[in-house]
Amino acid sequence: MSIIGFIKKWTLPCSMLFGACVYLLFTFTPPLEPFGLAVGPYILKLLPVVIFCMLYVTFCKIQIDDLRPRVWHFWLQGIRTALSALLVFAITLTTDPEVKIILEGVFICVICPTAAAAPVITEKLGGSIASLTVYTIIANIVTSIIIPFFFPMVEKGADITFAFAFFMILKRVVTVLLLPLCLALLTRKYLPKVANKIKQQKNLAFYMWGFNLSIMMGLTLHNILTSAVSGGTMAWLILLPILVTVVLFSIGKAVGHCYGQSISAGQALGQKNTMVGIWLTITFLNPTAAVAPCAYVIWQNLLNAWQLWYKEKYGSLKW
C-alpha cells in the first residue's frame, strides 16, 4: 500500500498524529517556538470556517423532506439528561477534591452536545445525514436548557444563567450549523448544477474534517500538557473517557437499532462537540477537568477510525 493510500485509509489517526507532531515540534523546538506562538491563534480561528465549509458540502446531499424529528431523538435526549443528572448527584456527594475533578470530567463528556462534524462521519458510515442534523439541533437546544440547572450544582460559583447559556449555544448553532444548512438547501433549489457538482466530491467533507482534527489534536495536547494535576488524577481523566466513549456509542446504537437507525443514533450520542465542552469546563467548572473532554477527542476519533475500517472491510457495521 502506498503512503497516500495508507493516509486515505487511516485519515483520522493520521490527522491526529500529524497535529500532535506539529504541536510538539513548534512547542519544544526553541527556534520555532516564537513562530508557533504567533501563528497558533490564527490557525485556531480556522476551525469554525472549515466546519462551515465542511457542513455546507455535506448538507448539499440532504433532502429537505427528511429533516424531521424522530422518536429516537427524544429517547437519546432523555438518556443524556438522566446520565448527566446521575453524575451531578454523585458530584454533590463527593468530598474528595480529586474524585470531584474526575467526575466533573466525565460529566462534561456526557452533557456535551453532538459534534457539528457528526453528519460527515455518519455519511461515511452509511447513516442518515438529515436525521442526525435534526438531532444535533435538538441536542444543542436541550443542552442550553439543562446547563443552567446542572452547572451551579457541580460548582457553587458557576454563575451561568439560562439566557446566557441559551444564546451562547444558539449563536454556535446558527453560525456553524443552520447557516450552512440553509445555504446548502438554497443551492439545491436554485443552483442544482452546482449542488450536483459538490455531491460528486465524495470525500471532500471528510478530508476537511481530517484537517480540522489535526488542529484540534494540537489544542488537545496543549491542554493536557499544561494541566496542573497529579499523575493519578491525570491518568483517570485520560483513561476514563475510553469507557465513557464506548458506553455512549453503545447506548446510542442500541436505541437506534430499535428504529433502524443504529449508525446515526450511535454517532448522535457518542460523537461530542468537545470544543464546547472544553470551553464550558474552563469557563464555569474546574479547569483541570477539561483534560477529560480533551482525551475524549482522541478516543472518539479512534473509535470512528475503527468503525470506518470495519465498514470498508466487511461492507456494513454490525456493532
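Student: What makes a set of residues here the largest nonpolar core, and which residues have the most contacts inside it?

Tutor: This is a predicted model. A nonpolar core is a set of buried residues of the nonpolar kinds, joined through side-chain atoms within 4.5 Å. The largest such set in the protein has 96 residues, and F107 and F151 have the most contacts inside it. Helix α8 (residues 129-154) gives this core its largest share, 13 residues.

Student: Which residues are in contact with F107, if its neighbours within four places in sequence are left aside?

Tutor: Contact requires heavy atoms within 4.5 Å. On that criterion the partners of F107 are S84, L87, V88, I91, F150, F151, V154 and L285.

Student: What share of the residues counts as buried?

Tutor: Buried means a relative accessible area under 20%, and 49% of the 319 residues count as such. The accessible surface comes to about 14900 Å², with 72% belonging to carbon and sulfur atoms.

Student: Why is L204 called partly exposed?

Tutor: The term covers values between the 20% limit for buried and the 50% limit for exposed. L204 has a relative accessible area of 35%, so it is partly exposed. This residue lies in helix α11 (residues 204-225). Its C-alpha atom is separated by 7.6 Å from that of V57, although L204 and V57 are 147 residues apart along the chain.

Student: Why does P192 receive the term partly exposed?

Tutor: The relative accessible area of P192 is 40%, and therefore P192 is partly exposed. It belongs to helix α10 (residues 192-199). P192 and I141 are 51 residues apart along the chain, and their C-alpha atoms are separated by 31 Å.

Student: What share of the contacts with a separation of 6 or more comes from residues 24 or more positions apart?

Tutor: Such residues account for 80% of those contacts in the protein.

Student: How many positive and negative side chains are there, and how far apart are the centres of the two sets?

Tutor: There are 23 positive and 10 negative side chains, with the centres of the two sets 16 Å apart.

Key:
Residues are numbered from 1 along each chain as its sequence is written. This is a predicted model: local features need pLDDT of at least 70, side-chain atom pairs count only at pLDDT 80 or more; totals for chains, interfaces and linings use all residues. Side-chain values use heavy atoms; hydrogens and water are left out. Buried means under 20% relative accessible area, exposed over 50%, partly exposed in between (1.4 Å probe, protein chains only). Accessible areas come from the Shrake-Rupley method with a 1.4 Å probe; for residues, only the protein chains shown count as cover. Lys and Arg count as positive and Asp and Glu as negative; His and the chain ends are not counted. The place of a charge is taken as NZ of Lys, CZ of Arg, CG of Asp or CD of Glu. Helices (H or I, at least four residues) and strands (E, at least two) are DSSP runs, numbered from the N terminus.
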